[in-house]
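Subject: Handing over a structure

Hi,

Here is the structure I promised to pass on to you. Please have a look, and then read on for what turned up in it.

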Amino acid sequence: MILFNGALCVCSVVGVCGEEWSVTYKSESTCAFVGSSVDMSCSYTHPSYLTITEVYWTKHNYTDPPPLRDDPEYSNRISEECDHGTKRCKLRIRSLTKSDIGEYYCRITTSIKDQNRIGTPGIYLDVKGNNKQNVIMLV
C-alpha cells in the first residue's frame, strides 16, 4: 500500500515479466449524509497478456464476490460507469442509509479464472445522520 498525501491508495501484484496489477482509489475513505449521494472511483492496470472481461463494484472481499448491482438493497440506487479503454470505474450510490456503511471494492475479472483481482483495501464509506426524518413541532 502506498499513500500519497494520505488520499491515494495503490495495491499491486507483480505479474509475468514484471507487468503489474494495480488498483488505485481516489481516496481511502469518504463520508456522506443519510439520504444524499456519494461517488467513488478507481483506476486499474493489468498485465497486457490478459483480457478484461468485467469490472464492477462489490462490498465483499472474498473469492468471486457478487456485483453490488445484483444486491436488491442496491440495485435501484446505484450506477456504475466502467470504461476498459481508460481503465477507470465509477460508482454512485443514491439515497444513502446507515446500512451502506462499509468498505467498497473494485473487482476486475479476466478470461483466466486465477487472474482476477480485487483492489484491497477498498474505500470505506461512513454515513452520518438518522435514517428517520426529524420532525420539529412548534408549539
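To start with something to look for: does Asp100 count as buried or exposed? With 0% relative accessibility, Asp100 counts as buried, where buried means under 20% relative accessible area, exposed means over 50%, and partly exposed is in between (1.4 Å probe, protein chains only).

Before the rest, some notes on how to read the values. This is a predicted model, so local features need pLDDT of at least 70 and side-chain atom pairs count only at pLDDT 80 or more, while totals for chains, interfaces and linings use all residues. Residues are numbered from 1 along each chain as its sequence is written, and side-chain values use heavy atoms, with hydrogens and water left out.

The overall picture

The protein chain has 0 helices and 11 strands; both are DSSP runs numbered from the N terminus, helices being H or I with at least four residues and strands E with at least two. Of the 139 residues in the protein chain, 36% are buried. Among contacts with a separation of 6 or more, 58% come from residues 24 or more positions apart, a contact being heavy atoms within 4.5 Å.

Strand pairing

Strands pair if DSSP finds at least two bridges between them. Strand β5 (residues 38–45) runs antiparallel to β3, joined by 4 bridges, and Val23 has Tyr44 in β5 as its bridge partner. β5 also pairs with strand β8 (residues 88–93), again antiparallel, over 6 bridges. In β8, Cys89 stands opposite Cys42.

Salt bridges

Side chains of opposite charge can pair when their charged atoms come close. The structure holds 7 salt bridges, each a side-chain nitrogen of Lys or Arg within 4 Å of a carboxyl oxygen of Asp or Glu.

Asp100, from the opening question, meets Arg77 in one of them, at 2.7 Å from N to O. Asp100 lies in the loop between β8 and β9 and Arg77 in the loop between β6 and β7, so this pair ties together parts that are 23 residues apart in sequence. Arg77 counts as buried too, at 15% relative accessibility.

Arg92 and Asp39 form another salt bridge (2.6 Å, N to O). This one links strand β8, which holds Arg92, to strand β5, which holds Asp39, 53 residues apart. Both ends are partly exposed: Arg92 at 36% relative accessibility and Asp39 at 48%.

For Arg107 and Asp64 the N to O value is 3.2 Å. Arg107 is in strand β9 and Asp64 in the loop between β6 and β7, 43 residues apart. Here Arg107 is buried at 5%, whereas Asp64 is partly exposed at 39%.

Aromatic pairs

Rings of Phe, Tyr and Trp (its six-membered ring) pair if their centres lie within 6.5 Å; planes under 30 degrees apart count as stacked, over 60 as edge-to-face and the rest as tilted. That rule gives 2 aromatic pairs. Tyr25 and Trp57 have ring centres 6.1 Å apart and planes at 55°, so their pair is tilted. Tyr25 sits in strand β3 (residues 20–25) and Trp57 in strand β6 (residues 52–58), 32 residues apart. Tyr25 is buried, at 1% relative accessible area, and Trp57 is buried at 0%.

Tyr74 and Tyr104 make an edge-to-face pair, 6.3 Å between centres and 80° between planes. Both Tyr74 and Tyr104 are buried.

Enjoy looking around, and write back with any questions!

Best wishes
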